[in-house]
Amino acid sequence: MKQDFRMTYPLWNMAFILILAVMAVGFTSSLVNVTKTDSSLSIETQAVEGFLLFAALIAYLVLITIYLIALQSYNRKNPGKKISPFSMRPPEYMEQDEGMTFITRKAVQKVYTFITWTLPFFALIVMLFPIPRLFIVWGILAVAFGQNLIYYMEMRRHLKEAAE
Amino acid sequence: MLKNRVKELRARYGYTQSELGKQVDVTRQTIAFIEKGEFSPSITLSLKLAKVLQVEVGDLFWLEEE
């Protein structure tokens, strides 16, 4: 089960979210100047923000390459349960049988509870306080990170118990 | 609360969780969840387990007052 790509899928999501959080510094900085003409789009940033944006873009490309290689390797080893990178349905759902469907449902319920509380709370904070754009983006990414973390921890707990 | 004798009977017949799982078409993890009482199986799966473990469903699963 440890080798099951669906089990580690939330960890990939979390890694992508962390890179997006760094990328957001470059994109949302007030020091970023975006000029758009009919034929071109130029983005000028300050040194630090520009470096972070560039480094995050490189890191994102590297991670997505590793991810696609790992996914291809998994699909080759598991032709009966291939994962499509373009699937709308989250591939981390484990529904091979009724027991696995049951623990997946429990994990999804925990995530739903988390989202139910955090999103309205976050919206309220954003409405009440003049929060910079970067912090709003980080907040949204933090919710997405938390969602994946909760799902992963819950699934891991159940599967660890089953292994004992 | 639903109690069961899956672990006891599985041991009696010398099946591993994986072997029993294969016979009833579920994963090893699902057998473990059932044995720990974490998951109550469907009627279909209960009947399959009872058949493989050669007992009546009522002798394999029963309700216990909390």
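## The second largest pocket

Lining the second largest pocket are A:Pro90, A:Glu92, A:Tyr93, A:Val108, A:Val111, A:Tyr112, A:Ile115, A:Gln147, A:Asn148 and A:Tyr151. On a 1 Å grid over the protein atoms alone, a pocket is an open set of points where a 1.4 Å probe fits, with protein on both sides within 12 Å along at least five of seven lines, and lining residues have an atom within 4 Å of a point. This is a predicted model, so local features need pLDDT of at least 70, side-chain atom pairs count only at pLDDT 80 or more, and totals for chains, interfaces and linings use all residues. Side-chain values use heavy atoms, without hydrogens and water, residues are numbered from 1 along each chain as its sequence is written, and chains are lettered from A in the order in which they are written.

Helix 3 (98–128) of chain A gives the lining its largest share, 4 residues; helix 4 (133–163) of chain A also supplies at least two. Helices here are DSSP runs (H or I, at least four residues), numbered from the N terminus.

## Where the chains meet

Over on the interface, 14 residues of chain B are in contact (heavy atoms within 4.5 Å) with 14 residues of chain A. The two chains bury about 1100 Å² between them, 58% of it on carbon and sulfur atoms. That's the accessible area (1.4 Å probe) lost on being put together, summed over both. B:Phe33, B:Glu38 and B:Phe39 supply 44% of the area that chain B buries against chain A, more than any other three residues. Helix 3 (residues 28–35) of chain B gives the most to the side touching chain A, with 5 residues.
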